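Visitor: Hey, can you walk me through this one? I'd like the overall picture and then some details.

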Amino acid sequence: MRSKIKNINLRQTILTGVLFALLGTLHSCYSFSGSSLKGEQTVQINEFPNNAPLVNPTLSQQFSTDIQNRFLQRTTLKGTKENPDMLIEGEITDYSITPTTISSNTQTNSAGGVIQQAQNKLTITVKVHYENKIRPDASFDRTYTDEAAFNSNLSQNDIETSQVKIVTERIINKIFNDIVANW
């Protein structure tokens, strides 16, 4: 009985050792990072001024902070103000709220009138200048636009706290993926 237990323990030990050796071999052959950063260590992200005709007073600061946080928290890059390997800057060129649809959903108000529900669309456009000193061929100038449709009964405050966050998050994802991701 004891020899059977020893044989089982020996097999388990051997299998565990083989498994760890196999995982070590796979790890050395394949990188799981998916990052296109090759030698870049520092990044400078300048403030994105809001030059849109319709100005949201908090958009510039919030967008600039969010994009800085994305790069500093999700990469190994260090922020710097002097001689960065990567420079990201740009401007917000459009911030607009436009009516898009009138829905077929109707409500009757207290006076007996019919009210049709409508949707509006928030659109934000950001011009980005990306400069890579380590790999100059990766540098670019691009414009990113995204939008979100919402019920027209949202207040301006609701739009600025919820819809703006959704749209800027999508734009930052696009910028981040274009610069860092290697898909």
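Visitor: What kind of model is it, and how are things counted?

Guide: This is a predicted model, where local features need pLDDT of at least 70, side-chain atom pairs count only at pLDDT 80 or more, and totals for chains, interfaces and linings use all residues. Residues are numbered from 1 along each chain as its sequence is written, and side-chain values use heavy atoms, with hydrogens and water left out.

Visitor: What's the average pLDDT?

Guide: The protein chain averages 82, and 70% of the residues score at least 70; pLDDT is the predictor's confidence in each residue, from 0 to 100. Over residues 26-34 the pLDDT is below 50. Where pLDDT is low, the predicted coordinates should not be read in detail.

Visitor: OK, the fold. How many helices and strands?

Guide: Three helices and five strands, in the order α-β-α-β-β-β-β-α along the sequence. Helices (H or I, at least four residues) and strands (E, at least two) are DSSP runs, numbered from the N terminus.

Visitor: Which residues touch the most other members of the largest nonpolar core?

Guide: Phe 63, Ile 67, Phe 71, Ile 88, Ile 124 and Ile 179, out of 32 residues in that core. A nonpolar core here is a set of buried Ala, Val, Leu, Ile, Met, Phe, Trp, Tyr and Cys residues joined through side-chain atoms within 4.5 Å. Buried means under 20% relative accessible area, exposed over 50%, and partly exposed in between (1.4 Å probe, protein chains only).

Visitor: Which element gives the largest share of this core?

Guide: Helix 3, with eight residues.

Visitor: What does Phe 63 contact?

Guide: Leaving aside neighbours within four places in sequence, Phe 63 is in contact (heavy atoms within 4.5 Å) with Phe 48, Ile 92, Val 126, Thr 168, Ile 171, Ile 172 and Ile 175. Among these, Thr 168, Ile 171, Ile 172 and Ile 175 are buried residues of helix 3.

Visitor: Where does helix 3 bend?

Guide: At Val 164, by about 30 degrees. That bend is the angle between axes fitted to the seven residues ending there and the seven starting there.

Visitor: Switching topic: is Lys 121 buried or partly exposed?

Guide: Partly exposed, with a relative accessible area of 25%. Lys 121 is found in strand 4.

Visitor: And which residues does Lys 121 touch?

Guide: Beyond neighbours within four places, its contacts include Ser 96, Thr 100, Glu 147 and Phe 150. The C-alpha atoms of Lys 121 and Thr 100 are separated by 6.2 Å, with the two residues 21 apart along the chain.
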